[in-house]
Amino acid sequence: MNTTNDALLAIGSGLQLYREYLVRSAHARARALGLDLVLLNNIEPTWQRGYFDDITVANLFDHEILADQARRIARRRSIAGVLCWDEPLVQPAADLADEFGVPGLTEAGVRGCRNKHRTRSVLTAAGLLQPRFELTHTLEQARTAAARIGYPVVVKPQALGASMGVVLAADRAELDSGFGVAAGASTIGDEPYRGTALVEEYAVGPEISIDAAVYKGEYLPMFLARKRTGLEPYFEELGHIVDADDPLLRDDTLMGTLARAHRELGIENGITHSEVRLTSRGPLIIEINGRLGGDLIPYLGKIATGIDPGEVLVDIASGRRPTLNPTRNAVAGIRFGYPGRDCVVRAVRVPDRAVGLVTAAAMVDPGAELRLPPGGYIARHSFVVCEASNARRCNELLDAAADLVVLEAHPLDPPAPGATFTLPAGLLDADK
């Protein structure tokens, strides 16, 4: 093993199904720049071995252990940058970048992203459009906040991603239930945020997301996704469409709002995934995440625009201004398969060919339990990805490809009252 090159330290690889395309590109770009890739991972490596020059395994969800192992690596390798695209790990990764003196989103910048109450507070104080909101620790506080704000309200955990534990409440009875869901979901998040729930005004309008690079404070949008949600009153993300020529990328108000929000939060270098509601009052930032988007959105962006997010990650982490010139002008989309009810999977079969199909995959193995909200989240059994020349055609192709997915399953009894919610086995990088 060559240990003379400077190295980029990746905190967590993520799942192969969701992130290998990213790691492959990051590896190639690092090689071209004469940099090694070093991985600090939660589980023993398998597919990761072909991409990383050095791998250390430790319990990354104990942040003291994570930091100790990272410092050990830094004593034997010259760390030129820190990479992270895994939501639970972005804060300790930012802390390490600050400690090592390498480019990063900054500790304060990521804290402003992870802590949704802080995001709301900072952006509201800056005069940016935000919903009315209140951080609550008890059901009584949540009831008082909802009465002050006015129904409907959204109840959400203070620091989780993927819309987990987010509930729309139309009245007090739904609020009572929603507070229990949000506070319960918070138990899998970082300890300081457990048991709390943010109650906020419901923003009406379509939802989009924007993945962007930030270089020395300069906001550089890469691609924009239009989101499809469902399973009301929850906000499960059923799919996304990325259009390389989306007119919103040229919307000065939207892009100016995002750039200003990043400045106010103190985000300096890195990649962010922002979620925005397009309301009648203007663009309203729902959240800014200190990482690339999930749900294979960056993969869709690469198909649609030719911009390679793995290369951008390496450039930003190593202190280089990325080149973001699109080389393609297409539309790409993803659709996730959800069961009609809680179930135990016997088999999932996905199409290997269909008009416009780029790829399709089963996301769970036989025997997996899939629970829909509020008993579980992200209960996906499959996905299909399609490419087309326009968004309408892409949606048609996604519908057709999704219809070809076959789920064989048997019903699962409802969870016992008071049971903690579950995620499908294999969804988290912590699963073996």
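**A chat about loops, cores and contacts**

Reader: Where is the place of Pro 374?
Author: In this predicted model, Pro 374 sits in the loop that runs between strand β17 (369–370) and strand β18 (382–388).

Reader: And what kind of peptide bond joins Pro 373 and Pro 374?
Author: The bond joining Pro 373 and Pro 374 is a cis peptide bond, with omega at about 5 degrees. A cis peptide bond also joins Glu 232 and Pro 233, where omega is about 10 degrees, and Pro 233 is in the loop between β10 (218–230) and β11 (236–243).

Reader: Back to the loop between β17 and β18, what is phi of Ile 378, which is found there?
Author: Ile 378 belongs to that loop between β17 and β18, and its phi is near 55 degrees, a positive value in a residue other than glycine.

Reader: Is Ile 378 buried or exposed?
Author: Ile 378 counts as buried, because its relative accessibility is 10% and the cut-off for buried is under 20%.

Reader: What about Lys 216, what is its phi, and is that residue buried or exposed?
Author: Lys 216 has a phi near 50 degrees, again a positive value in a residue other than glycine, and the residue is exposed, with a relative accessible area of 65%. Its place is in the loop between β9 (207–215) and β10.

Reader: Which residues does Gly 217 contact, leaving aside its neighbours in sequence?
Author: Gly 217, which is found in the loop between β9 and β10, is in contact with Arg 263, Ile 267 and Glu 268 once neighbours within four places in sequence are left aside.

Reader: How many of the residues are buried, as a percentage?
Author: Buried residues make up 58% of the 432 residues. The chain exposes about 17500 Å², and carbon and sulfur atoms supply 49% of that area.

Reader: What share of the contacts comes from residues 24 or more positions apart?
Author: Of the contacts in the chain with a separation of 6 or more, 69% are between residues 24 or more positions apart.

Reader: Now the inside. Which residues touch the most other members of the largest nonpolar core?
Author: That core has 67 residues, and the ones that touch the most other members are Leu 83, Met 222, Val 312 and Phe 383. Helix α1 (residues 16–32) contributes the largest share of this core, six residues. Apart from it lies another core, of 44 residues, which includes Val 82, Ala 212, Met 255 and Ile 288.

Reader: What does Phe 383 touch, then?
Author: Not counting residues up to four places away in sequence, Phe 383 touches Leu 17, Leu 296, Ile 334, Arg 335, Phe 336, Thr 359, Ala 360, Ala 361 and Met 363.

Reader: Changing topic, which residues of helix α4 are buried, and what covers them?
Author: In helix α4 (residues 107–114) the buried residues are Gly 109, Val 110, Gly 112, Cys 113 and Arg 114. Their cover includes α3 (90–100), α5 (116–125), α8 (252–265) and β13 (282–289).

Reader: And Pro 298, where does that residue lie, and what is in contact with it?
Author: Pro 298 lies in helix α9 (residues 297–305) and counts as buried, at 0% relative accessibility. Leaving aside neighbours within four places in sequence, Pro 298 is in contact with Arg 19, Tyr 21, Asp 211, Phe 223, Leu 292, Gly 293 and Pro 309. Pro 298 and Arg 19 are 279 residues apart in sequence, while their C-alpha atoms are 9.5 Å apart in space.

Notes
Residues are numbered from 1 along each chain as its sequence is written. This is a predicted model: local features need pLDDT of at least 70, side-chain atom pairs count only at pLDDT 80 or more; totals for chains, interfaces and linings use all residues. Side-chain values use heavy atoms; hydrogens and water are left out. Buried means under 20% relative accessible area, exposed over 50%, partly exposed in between (1.4 Å probe, protein chains only). Contact means heavy atoms within 4.5 Å. Accessible areas come from the Shrake-Rupley method with a 1.4 Å probe; for residues, only the protein chains shown count as cover. A nonpolar core is a set of buried Ala, Val, Leu, Ile, Met, Phe, Trp, Tyr and Cys residues joined through side-chain atoms within 4.5 Å. Helices (H or I, at least four residues) and strands (E, at least two) are DSSP runs, numbered from the N terminus.
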